[in-house]
Amino acid sequence: MLVVVKSDYDDMSRTAAQIVSELVRKKPDCVIGFATGSTPLGTYKELIRLHREEGLDFSKVTTFNLDEYVGLPPSHPQSYHYFMWENLFKHINVDKRFVHIPQGMANDVELFCEWYEEKIEKAGGIDLQILGIGANGHIAFNEPGSSLGSRTRIKTLDELTKRDNARFFEKDEEVPKYAITMGVGTIMDAKELLLLASGSQKADAIKQTVEGPITALYPATIVQMHRKATIVCDEDAASLLTRKYSGYLS
Ligand code: GLP
């Protein structure tokens, strides 16, 4: 695992976008796993700039998103569908036939999850999976206690996650209780992982992820076992790491 510590959020975002764009240039028909949340927004802005100003071509790229809230239609402003189209897809030349985001309104969730796994496999697997991290150590919506071998499935959201999300909804009753999420095993099957973290509120999560014992109670710690994982974070998110002097690039 490579930990790259950048000075601030913008620097982190540029570095992450560079990793993504290098892959797209090297392999125009690559498969990218996208994440939502506030952390990757700067990366997406930079990818949009690279598309507009430097002709970065996404027309052959296949995408798979990590997760989606159950019960929210794609048109809902808090759905991850809406998020991805507003913040990235509509600004680049991605082909909508190649975009995959879990269906929060699927009639048969179990069947949908099987289909999603098959789609990823048929696409040749994910080349690069972008990840954020929850303050409780979740990746995608794999909450504490998630099986480290899990596949795409429905998950009940943790109390802390629901509290973190409440700010996006008018009433507490509107905050989704469930999500469809790629499993920890699905994420670990990606050929490369790129985990982003910014700010002191993520410092403990990064310390656990990099230096803590691997445990299902902190799903992000499994990233230590991946053969090609890069964590790009800013100084604040890296502030609790004890071993910054060795093996960590800055
Ligand atoms: C949600 C998403 C995660 C994301 C996390 C952190 O829970 N399901 O994929 O990593 O939020 O969000 P933020 O980047 O806003 O801190």
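Ala, Val, Leu, Ile, Met, Phe, Trp, Tyr, Cys and Pro are counted here as nonpolar, Asp, Glu, Lys and Arg as charged, and the others, Gly among them, as polar. The model is predicted. On this scheme, the lining of the largest pocket divides into 16 nonpolar, 14 polar and four charged residues.

The largest pocket holds about 770 Å³ of space. Its lining comprises 34 residues, and T36, G37, S38, Y80 and R167 are the closest to the centre. The most comes from α5, with three residues.

The second largest pocket has a volume of about 180 Å³. I19, E22, L23, K26, D127, L128, K191, E192 and K228 line this pocket. Six of these lining residues are charged and three are nonpolar, with no polar residue. Helix α1 (residues 9-26) gives the most to the lining, with four residues.

Aromatic contacts were examined next. The structure holds ten aromatic pairs. In one of them, the ring centres of W85 and F89 lie 5.3 Å apart and the planes stand at 75 degrees. Planes over 60 degrees apart count as edge-to-face, so the W85 and F89 pair is edge-to-face. W85 is partly exposed, with a relative accessible area of 28%. F89 has a relative accessible area of 1% and is therefore buried, as the cut-off for burial is under 20%. W85 and F89 also belong to a cluster with F34 and Y44, linked by ring pairs.

Conventions: Residues are numbered from 1 along each chain as its sequence is written. This is a predicted model: local features need pLDDT of at least 70, side-chain atom pairs count only at pLDDT 80 or more; totals for chains, interfaces and linings use all residues. Side-chain values use heavy atoms; hydrogens and water are left out. On a 1 Å grid over the protein atoms alone, a cavity is a set of points where a 1.4 Å probe fits but cannot get out, and a pocket is an open set with protein on both sides within 12 Å along at least five of seven lines; lining residues have an atom within 4 Å of a point. Grid points are joined across faces, edges and corners, and a volume is the space filled by probe spheres set on the points. Helices (H or I, at least four residues) and strands (E, at least two) are DSSP runs, numbered from the N terminus. Rings of Phe, Tyr and Trp (its six-membered ring) pair if their centres lie within 6.5 Å; planes under 30 degrees apart count as stacked, over 60 as edge-to-face and the rest as tilted. Buried means under 20% relative accessible area, exposed over 50%, partly exposed in between (1.4 Å probe, protein chains only).
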